[in-house]
Amino acid sequence: MIQIRKGQAPAHLARAEFSARFRASFVDPEFRAEDPSIARLEEIAWRAYVDGRKAPFTQKAGPGYVDPNYDLSVEWITTKQRIGEAQLRWADPASPSRVLVICGSARNDGTCPGEMSKSFRLVGIARETLEQADIQAEVLDLSLITSEYGRNIHPCKGCVSTAMPLCHWPCSCYPNYALNQTNDWMAEIYERWTAAHAVLIVSPVYWYQSPSPLKLMIDRLVCADGGNPDPTSTSGKKAAKAKDLEMAGWDYPQHLAGRAYGLIVHGDVAGIEGSRRALSDWLDWMGFIDAGAQARLDRYIGYYEPYATSHDALDRDELVQEEARNVARAVAKTVVELRAGRLQAAQPKLSRPRPK
């Protein structure tokens with residue numbers, strides 16, 4: 001048996017510390033009239049925390065699972081069903097072509113910055129161009145996690161590094177009610193990726209890297225590349241069972257392979273090439289198909305100019321606006337070829353000697 005290493009996780013919070021953290025959401029004086037009610041809610045939350053009541057609503061897995069008697073989260077089952085329906089829409093040749101246009105910036109005018117992002121403006125350019133090509137363009141604005149109440153993308157917990165089968169498709173780590181890890185947006189985002197025939201990511205560079213909302217989504221998509229569609233096979237999160245499954249031979253299913261992609265990465269000083277290249281490598285690894293050289297764009301906007309006038313710099317830079325349109329045009333053309341079967345026919349079907 002492979003040794004399972006332990007010793008990092010902290011002990012449970014003391015009651016007083018739990019109380020302080022729970023009540024941090026109710027410090028506004030307007031809540032004082034409801035202190036007795038808050039105390040009752042705190043006691044319920046404390047019991048859920050101590051008991052580890054992750055999923056309060058479950059049902060038997062039923063036929064089609066390794067362990068049909070295992071109690072699966074109702075929310076997980078619902079997410080999986082919606083992903084399955086999205087996959088059918090994606091595969092239906094009579095369905096309209098769809099591109100998911102993703103705004104990777106954390107900035108919008110509904111929160112502290114007080115101004116929309118340049119990424120969002122470029123998303124608008126791309127969306128308009130796709131629609132002109134009779135492609136349905138759906139916008140996923142990741143900045144909403146900074147400006148909407150209760151909108152969360154929780155971080156990946158790294159189940160893959162224990163064993164690939166421990167990473168479930170879709171992710172089963174959330175919601176976790178015992179730890180107040182709820183309102184996980186990824187349940188919806190998985191469905192939107194699955195339904196899309198292509199994704200077009202527009203992202204600025206933050207400190208040489210993708211912005212944190214985009215990186216959160218990227219990490220949580222690891223389950224789409226090799227993830228286990230049957231949590232009952234590991235009895236939920238049983239590390240030993242997952243290790244045994246991986247050592248017996250894991251096929252690393254690529255659940256989103258065969259979709260196309262385009263990228264627009266912009267910055268003002270440095271980091272655009274490395275960020276764009278990392279995004280390309282990630283999507284290539286997942287089995288996505290790039291839409292050609294013109295669909296992988298990295299450009300400086302307002303190079304070493306003041307931040308305060310960066311939108312003016314984008315206004316002036318009509319060439320980068322046209323390049324953004326070209327990314328969308330290349331993605332639209334690739335989607336047409338892909339769905340017609342002409343692109344697959346041109347690419348050899350090769351097995352991966354080192355799947356992971």
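The model is predicted; local features need pLDDT of at least 70, side-chain atom pairs count only at pLDDT 80 or more, and totals for chains, interfaces and linings use all residues. Residues are numbered from 1 along each chain as its sequence is written, and side-chain values use heavy atoms, with hydrogens and water left out.

The protein holds twelve helices and eight strands. Both kinds of element are DSSP runs, numbered from the N terminus: helices are H or I runs of at least four residues, and strands are E runs of at least two. The radius of gyration is 23 Å, close to the 21 Å that the globule rule gives for 356 residues, so the protein is as compact as a globular protein of that length. This radius is taken over C-alpha atoms, and the rule is 2.2 Å times the number of residues to the power 0.38. The C-alpha trace spans about 60 × 55 × 40 Å along its principal axes.

Of the 356 residues, 45% are buried. Buried means under 20% relative accessible area, exposed means over 50%, and partly exposed lies in between (1.4 Å probe, protein chains only). The protein exposes about 19,000 Å². Carbon and sulfur atoms supply 54% of that area. Accessible areas come from the Shrake-Rupley method with a 1.4 Å probe; for residues, only the protein chains shown count as cover.

Among contacts between residues at least 6 apart in sequence, 76% join residues at least 24 apart. A contact means heavy atoms within 4.5 Å. Charges were also placed. The protein has 43 positive and 44 negative charges, and their mean positions are 6 Å apart. Lys and Arg count as positive, Asp and Glu as negative; His and the chain ends are not counted. Each charge is placed at NZ of Lys, CZ of Arg, CG of Asp or CD of Glu.

The largest nonpolar core has 43 residues. Such a core is a set of buried Ala, Val, Leu, Ile, Met, Phe, Trp, Tyr and Cys residues joined through side-chain atoms within 4.5 Å. Trp-193, Met-217 and Leu-283 touch the most other members. Two or more residues come from each of β3 (98-103), α6 (186-195), β5 (198-204), α7 (212-220), β6 (260-267) and α9 (272-285). Beyond its neighbours within four places in sequence, Met-217 contacts Ile-102, Leu-140, Leu-142, Ile-153, Met-186, Ile-189 and Trp-193. A second, separate core has 31 residues, including Leu-130, Leu-297, Val-327 and Ala-328.

Most residues other than glycine have a negative phi, and most peptide bonds are trans. The bond from Trp-169 to Pro-170 is cis, with omega near -5°. Tyr-174 and Pro-175 are also joined by a cis peptide bond, with omega about -5°. Pro-170 lies in the loop between α5 (144-147) and α6, and Pro-175 is found in the loop between α5 and α6. Asn-183 is placed in the loop between α5 and α6. Asn-183 has a positive phi of about 55°, although it is not a glycine. Trp-207 has a positive phi of about 50°. Trp-207 sits in the loop between β5 and α7 and is exposed, at 80% relative accessibility.

Gly-302 is in the loop between β8 (296-300) and α10 (310-316). Gly-302 counts as buried, because its relative accessible area is 14%. Asp-268 is 34 residues away along the chain, yet the two C-alpha atoms are separated by 5.8 Å. Apart from neighbours within four places in sequence, Gly-302 contacts Asp-268 and Ala-313.

Glu-273 belongs to helix α9. Glu-273 is partly exposed, at 36% relative accessibility. Its contacts beyond four places in sequence are Asp-298 and Tyr-300. The C-alpha atoms of Glu-273 and Cys-223 are 27 Å apart, and 50 residues separate them along the chain.

Lys-356 lies in the segment after α12 (342-346). With a relative accessible area of 62%, Lys-356 is exposed. Not counting residues up to four places away in sequence, Lys-356 touches Asp-225, Tyr-252 and Trp-285. Lys-356 and Asp-225 are 131 residues apart along the chain, with C-alpha atoms separated by 8.6 Å.
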